[in-house]
Amino acid sequence: MDQMAEPRMAHPLVPRVAHVRRRWRDGPDVWTLEIEDGAGSGFMPGQFNMLTVFGVGEVPISLSGDPADGNRIRHTVRAVGPVTRALARLRPGDPLGLRGPFGTGWPTDALDGRDVVIVAGGLGLAPLRPAILQLLARRDRIGRLTLVYGARSPDQILFARQQDRWGRRSDIEVAVTVDHATSPWRGYVGVVTTLIPRAVSDPANTVALVCGPEIMMRFAAAALTDAGLPETAIHLSMERNMKCAVGLCGHCQFGADFLCRDGPVFRLDRIARRLALREI
Amino acid sequence: MEDLQRIIRAHPFFAGLSDAFSELIGGCARNVVFAEGDHLFRQGEEADALYLLRSGQVALEITAPGRGTMTFLTLGPGDVVGVSWLVPPYRWSYDARVVEPTRAIAMDAHCLRRKCEDDPALGYELMKRFVPVLSQRLQAARLQMLDVYGPDG
Ligand SMILES: Cc1cc2nc3c(=O)[nH]c(=O)nc-3n(C[C@H](O)[C@H](O)[C@H](O)COP(=O)(O)OP(=O)(O)OC[C@H]3O[C@@H](n4cnc5c(N)ncnc54)[C@H](O)[C@@H]3O)c2cc1C
């Protein structure tokens, strides 16, 4: 058989070139890029892409848009270092490299008939947003749906307008809390874990999806188990840093797992013992 | 009076309290109502009560010169407001401002302290209910202090 006639498979380590369509600010130092990804083939909520700014570097960034949007994907980036700062500076029309989507997603297909509690902290709402949009699109298939969100202060609330809109709907309960606030804020103040007991009404039939800074996730997992959820019903996204994204380089090794290949979304019972270990 | 005892026992903080103890502390309790903007108490005032919130929302605030007022915790139905009534010199170390119209049971601190001194079993029962609240607030304060949502979070 003529080797040349075989369809060319994209090599997982070679980025394809995509272009920024639009960009907008979603908080202090936080920008969302809408990217035209002609070669994209859809994604599962919770997955990430490796984004390259040519001449600067490559980083893992979660998909934050609606999985139903086809080739028009979104990434929400906080500018914290060289690559994320360069990503945040890209303008409409600019090219960037893209590999993915990679990783395990949230188990949104296994939630029929269950109550769902989504616990997000800070930028952790970005990888959960696709899951929320997907669940809202097939809302009648699940029970009670609650979003519990924590941020540092009111001006740092991610997707604030969309959260307001969700909060006005009757089919999703939204509870937002901030760590500190000055007087105009009329919402809750306090750590996000304090809102968890109210979000769980039927622990045996509830599944939790959790994403945020790792310390916050540890405390959220503890609050969820205190509320009666078994470890098998709690899913966390472990976003420690990674390099190759395909389970080759070992950069993101987490005990027996590679976060990029076996995660980033894990069920708590699989990683609970390792979460508390200092050495890994 | 009996009605107050029923309300006290219906509050999560006193859930499962014995008849004898609820009768003892019932005499220290009264119903209070606050409008939005009212203060349950202000920093520096004598800590003369413990509040069991039944409805509404209360913001705990600290004001620093030049930095304005900072809310560090909001509390609602089922929560207790006030720890300083238990610890000498019995002064509030923050303001408690009503954010939403609030109904509460106010327990007179002098009365409670006296009854706890007279009956150590009651005192211990109260401690067992108070220490978990203190420990949760301490843990929450620690998390807030870590500023987990910062760039290194
Ligand atoms: C699976 C996955 C999904 C991610 N999704 C997003 C996302 O949707 N949006 C987003 O903005 N970021 C996301 N991140 C984090 C992002 O990849 C890092 O912020 C980025 O790699 C930093 O690169 P840099 O060159 O800009 O800065 P660097 O110089 O590499 O780092 C700058 C600072 O950020 C801290 N940092 C680096 N990586 C992480 C990390 N993974 N978690 C927390 N702090 C980190 C470093 O400790 C350092 O203080 C994700 C990470 C992973 C592993």
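**Chatting through chains A and B**

Biologist: How many bridges join E1(A) to strand E2 of chain A?

Modeller: There are 7 bridges between E1(A) and strand E2 (residues 30-36) of chain A, and the two run antiparallel. Strands here are DSSP runs of at least two residues, helices are H or I runs of at least four, and both are numbered from the N terminus. Two strands pair if DSSP finds at least two bridges between them.

Biologist: Before we go on, what sort of model is this?

Modeller: It's a predicted model, where local features need pLDDT of at least 70 and side-chain atom pairs count only at pLDDT 80 or more, while totals for chains, interfaces and linings use all residues. Residues are numbered from 1 along each chain as its sequence is written, chains are lettered from A and ligands numbered from 1 in the order in which they are written, and side-chain values use heavy atoms, leaving out hydrogens and water.

Biologist: Back to that hairpin. Which residue takes a positive phi in the hairpin of E1(A) and E2(A)?

Modeller: That's A:Asp29, with phi near 65 degrees; the hairpin has 2 residues between the strands. In E2(A), A:Thr32 is the bridge partner of A:Trp24. E1, which spans residues 16-27, also runs antiparallel to strand E6 (residues 95-102) of chain A, with 4 bridges. There, A:Ala18 stands opposite A:Leu96.

Biologist: And the 7-strand sheet in chain A, what's the order?

Modeller: E11-E9-E8-E7-E12-E13-E16, as an open sheet with mixed pairing. Its edges are E11 and strand E16 (265-267), each pairing on one side only. E8(A) and strand E9 (residues 173-178) are parallel over 6 bridges, with A:Leu147 partnered by A:Val174 in E9(A).

Biologist: Switching to the interface: what area is buried between chain A and chain B?

Modeller: About 2100 Å², and carbon and sulfur atoms give 56% of that. Buried area is the accessible area (1.4 Å probe) that two parts lose on being put together, summed over both. Of the area chain A buries against chain B, 26% is supplied by A:Arg152, A:Arg186 and A:Val189, more than by any other three residues.

Biologist: What does A:Arg152 form with B:Asp147?

Modeller: A salt bridge, with the closest N and O atoms 2.7 Å apart. The term means a side-chain nitrogen of Lys or Arg within 4 Å of a carboxyl oxygen of Asp or Glu. The count between the two chains is 2.

Biologist: Which elements give two or more residues to chain A's side?

Modeller: Strands E8 (145-151), E10 (181-182) and E11 (188-189), plus helix H5 (214-226), all in chain A. H5(A) has the largest share, 3 residues.

Biologist: How does E10(A) pair with strand E4 of chain B?

Modeller: In the antiparallel sense, over 2 bridges; E4(B) covers residues 68-75. A:Ala181 has B:Thr71 as its bridge partner.

Biologist: What else does B:Thr71 touch through its side chain?

Modeller: The side chain of B:Glu61, through a polar contact of 3.5 Å. A polar contact is a pair of N or O atoms within 3.5 Å; within protein, one must be able to donate a hydrogen and the other to accept it, and residues adjacent in sequence count only if both atoms are side-chain atoms.

Biologist: Is B:Glu61 buried or exposed?

Modeller: Buried, with a relative accessible area of 3%. Buried means under 20%, exposed over 50%, partly exposed in between (1.4 Å probe, protein chains only). B:Glu61 sits in strand E3 (residues 49-64) of chain B.
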